[in-house]
Amino acid sequence: MSNLWKSIFFFFILFQFCNINSISSSELQFPCNPSLNSPYPFCNKSLSVTVRAQSIVSLLTLEEKIQQLSNNASAIPRLGIPSYEWWSEGLHGVATNGPGVSFVGPISSATTFPQVLVTAASFNRTLWYLIGSAIGVEARAMFNVGQCGLTIWAPNINIFRDPRWGRGQETPGEDPMVASAYSIEFVRGLQSGNWRREREIGPMEEDDGMESLMVSACCKHLTAYDLEKWKNFTRQSTADLSFARPELLQKARTDWGFKGYITSDCDAVATVFEYQNYTNNREDAIADVLKAGMDINCGTFMLRNTKSAVDQRKVKEEEIDRALLNLFSVRIRLGLFDGDPREGKFGELGAQNVCTEQHKTLALEAARQGIVLLKNENRFLPLNKKAISSLAVIGSLANNVSNLLGDYVGVPCSPMSPLEGFQEYVETIFFASGCLDVSCASDDGFDEAILIAKRADFVIVVSGLDLSQEHEDLDRVSLVLPGKQMTLISSLALVSKKPIILVLTGGGPLDISLAKKDSGVASILWIGYPGESGGKALAEVIFGDYNPGGRLPVTWYPQSFTNVPMNDMHMRADPSRGYPGRTYRFYTGDRVYGFGQGLSYTSFKYKLLSAPQKLSLLGNSKAKSSRKIVSHVSYMEVEDVESCDLLRFYVKLSVANIGEFDGSHVVMLFSEFPKVLRGSPQRQLIGFERLHVERQQAAESSILVDPCNHISMADEYGKRVIPLGDHIISLGELEHVLSIQVV
């Protein structure tokens, strides 16, 4: 287990928005001030993190300990320890959702990157790392002027299982491998910061998982969260019990070597008792979550009820000490007990490091790489900017920036709407909203939109979703475009001089089957929530200054999928009850667009250079019965495989750009299992890489495949197994057979 996972901090379900506090730079307080309290052992930087944290805990009274069990940890004046707010947000830029962040002060804005689902569509690990790094630098800079905490509750690592989920936009999509890869890169960047590389400073020191941190990440949410409210089911009723179960939380600490802190979601401990009736009383709820391994409660429930739990002997003081050891260890690793942090290794970061040209350029590049071209009949795009005399731009979202940022957002640096982006390319632009807003309940604005569509050379319609349709606490009930949006699109396609260009916004998948089939709609692009630079990126793509290369990170289902109960989280299809399964790995129904789909202005051709044809598995010493027979076909449990690391191999390939445009291309390597076990995935992603290939040139790549991770699957009982027999490794239309056997 790498040290990365020892420093990722888990966050558990359910948010409640709180008031935002503002702390001025002059009021920033810190412990271990040399003139006041440096004699304490916890101020001695030569001691280990653990010893220093133990020193703090040993000096606290029971009441002082309890006051640390909230996201708003109280000050301990007699030890010179100030209060600390654990809850700050930075999902795709420093955000105002948590009480630890304020934009009132020397820093009034921060770089707003595309929403995570859009960034995921780039399938670019380097980009994910750089975005995390930029957010980490800006968060630390804002901390230094008293406007942000150092514990950032991001990323969201949930799988986007249901297309109606209002928070799916926050996730890296539906594939577990992509979600894992995104989380690793984002957390690495956020916690260490590329700022150190820019200054030619070496890698941050490591000390058995207790390395110092620029900021601290917090991966949310651990399990079972992919709905807000569906009929009588809510996230409160389906998600919060996970952090009361020790087998889940201790897996992180024992199996993964996790050294961070574990927090409940806001008011979730109260929910265990008050909403779910999981325990008979408040004290039992506190006892259960502490015994399970939770360290901190977002909210005040534990502040109000832990003393009673101790008095009733349901909670031991040692159990509180365990939690505080984790909490103070993190604060020490952040440098918060090393004297004035503004005089430390990150002390010179400030307002000059926020909204830099480098970060704004990165936000633009992220938006470019995340745009997905879904349809382009007769190579309608890109438009020739020199041959356009007039352009009609239609849609309320075209002239709006705030609705294109997504949720968990702050104040953007230099936002640009799509309309503003188009104005950099075309002098004569006609604009009409068409629909008054995204809900499009009325056709009152259709006549004006139709009129300008008839006049202009080309028509661009910006349609889709915004936060009025999907967000935390709001799931969609339909997958089609809201209200009369589709009626407007069809009407415009009938009257325009040329086929129209349709731009789709929002996080959730859409059933746009009518537009897909309509010859009057030449091109369809998905931009999601593209962040502050989305308008410019979109214009560059449409007018050919950037060749799109994004791929959908989620399946786009038909409207009929809304018949599937949102609270049924089974992934595998079950024909006996008409259940179609979820995500590209298991879904058996029709698709509007599939996972990984995305076009380019150029064409690419694959060549497989090398890959093994046979792989032999050797059982370990305790696996005499590791070869299991199921319907006369064999498989091996991963835990029984000898030396998984030695089984790794590379698939070497070549990608040739045979078109007329330079472009980036996402290589996606899939595996199809032999049909050994019931419920096997139809296929699963085992590797990906984004390559830039100039026209009429080729590029080579090698993708590392780890059979124990990538060519294994979970059986019905949750055991990871490697099916024996012929596996098909596919790259586009190329297929390669890999035979796996036991020796």
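Visitor: How many nonpolar, polar and charged residues are in the lining of the second largest pocket?
Guide: This is a predicted model, and in it that lining has 10 nonpolar, 14 polar and 4 charged residues. The lining has 28 residues, and Arg-551, Gly-596, Gly-598, Leu-599 and His-665 lie nearest the centre of the pocket. Of those names, Arg counts as charged and Leu as nonpolar, while Gly is placed among the polar ones. The pocket has a volume of about 630 Å³.

Visitor: Which strand gives the most to the lining of the second largest pocket?
Guide: Strand 20, with 4 residues. Strand 15 (604-610), strand 20 (663-672) and strand 25 (725-731) each supply at least two.

Visitor: Which part of the chain does UniProt annotate as "Fibronectin type III-like"?
Guide: The unreviewed UniProt entry gives that domain name to residues 665-735. In the model, this stretch is 58% strand and 6% helix, and its end C-alpha atoms are 19 Å apart.

Visitor: What makes a cavity a cavity, and how many of 30 Å³ or more does the structure hold?
Guide: In a cavity a 1.4 Å probe fits but cannot get out, whereas a pocket is open. The structure holds 2 cavities of 30 Å³ or more. The largest cavity has about 100 Å³ of space. Its lining has 14 residues, with Gly-395, Cys-435, Val-462, Ser-463 and Gln-485 nearest the centre. Strand 12 (458-464) and helix 17 (485-495) each supply at least two residues of that lining. By class, the lining of the largest cavity divides into 8 nonpolar, 5 polar and 1 charged.

Visitor: What lines the second largest cavity?
Guide: Its lining includes Leu-608, Val-651, Leu-669 and Ile-729. The volume of the second largest cavity is about 40 Å³, and its lining has 6 nonpolar, 2 polar and 1 charged residues.

Visitor: Why is strand 14 described as largely enclosed by the rest of the structure?
Guide: Buried means under 20% relative accessible area. In strand 14 (residues 521-528), 8 of the 8 residues are buried, so the strand is largely enclosed by the rest of the structure.

Visitor: Which strands pair with strand 14, and are they parallel or antiparallel to it?
Guide: Strand 9 (residues 372-376) runs antiparallel to strand 14, joined by 4 bridges; there, Lys-375 has Ile-524 as its bridge partner. Strand 13 (residues 500-505) pairs with strand 14 in the parallel sense over 6 bridges, with Thr-505 partnered by Gly-528.

Visitor: How do you know that Cys-266 and Cys-298 form a disulfide?
Guide: The cut-off is a pair of cysteine sulfur atoms within 2.5 Å. The sulfur atoms of Cys-266 and Cys-298 are 1.9 Å apart, so the pair qualifies as a disulfide. The torsion about their S-S bond is about 60°, so this disulfide is right-handed. The pair links distant parts of the chain, 32 residues apart. Both Cys-266 and Cys-298 are buried.

Visitor: What makes the link of Cys-355 and Cys-413 left-handed or right-handed?
Guide: With -80° about the S-S bond, the link is left-handed. Cys-355 lies in the loop between helix 13 (317-333) and helix 14 (357-370), and Cys-413 in the loop between strand 10 (391-394) and helix 15 (418-422), so the pair ties together parts that are 58 residues apart in sequence. Both Cys-355 and Cys-413 are buried.

Visitor: Why is Cys-435 called buried?
Guide: Its relative accessible area is 5%, and buried means under 20%, so Cys-435 is buried. Cys-440 counts as buried too, at 1% relative accessibility. Cys-435 and Cys-440 form a disulfide with sulfur atoms 2.0 Å apart, and the link is left-handed, with -55° about the S-S bond.

Visitor: How many disulfides does a search of the whole structure find?
Guide: It finds 5. With the bonded cysteines numbered in sequence order, the pairing is 1-2, 3-4, 5-6, 7-8, 9-10.

Visitor: Why is Cys-218 too far from the closest cysteine sulfur for a bond?
Guide: The closest cysteine sulfur, in Cys-219, is 7.1 Å from that of Cys-218, and a disulfide needs the sulfur atoms within 2.5 Å. For Cys-148, the closest cysteine sulfur is in Cys-355, 13 Å away, which is also too far for a bond. Cys-148 is buried, with a relative accessible area of 6%, and Cys-218 is buried at 0%.

Terms used:
Residues numbered from 1 in each chain as written. Predicted model: local features only at pLDDT ≥ 70, side-chain atom pairs only at ≥ 80, totals over all residues. Heavy atoms only, no water. 1 Å grid on protein atoms, 1.4 Å probe; cavity = no way out; pocket = protein on both sides within 12 Å on 5 of 7 lines; lining within 4 Å. Points joined across faces, edges and corners; volume = space filled by probe spheres on them. Buried < 20%, exposed > 50% of the residue type's maximum accessible area, 1.4 Å probe, protein only. Pairing = 2+ DSSP bridges. UniProt positions renumbered as here; feature names shortened; annotations may be inferred.
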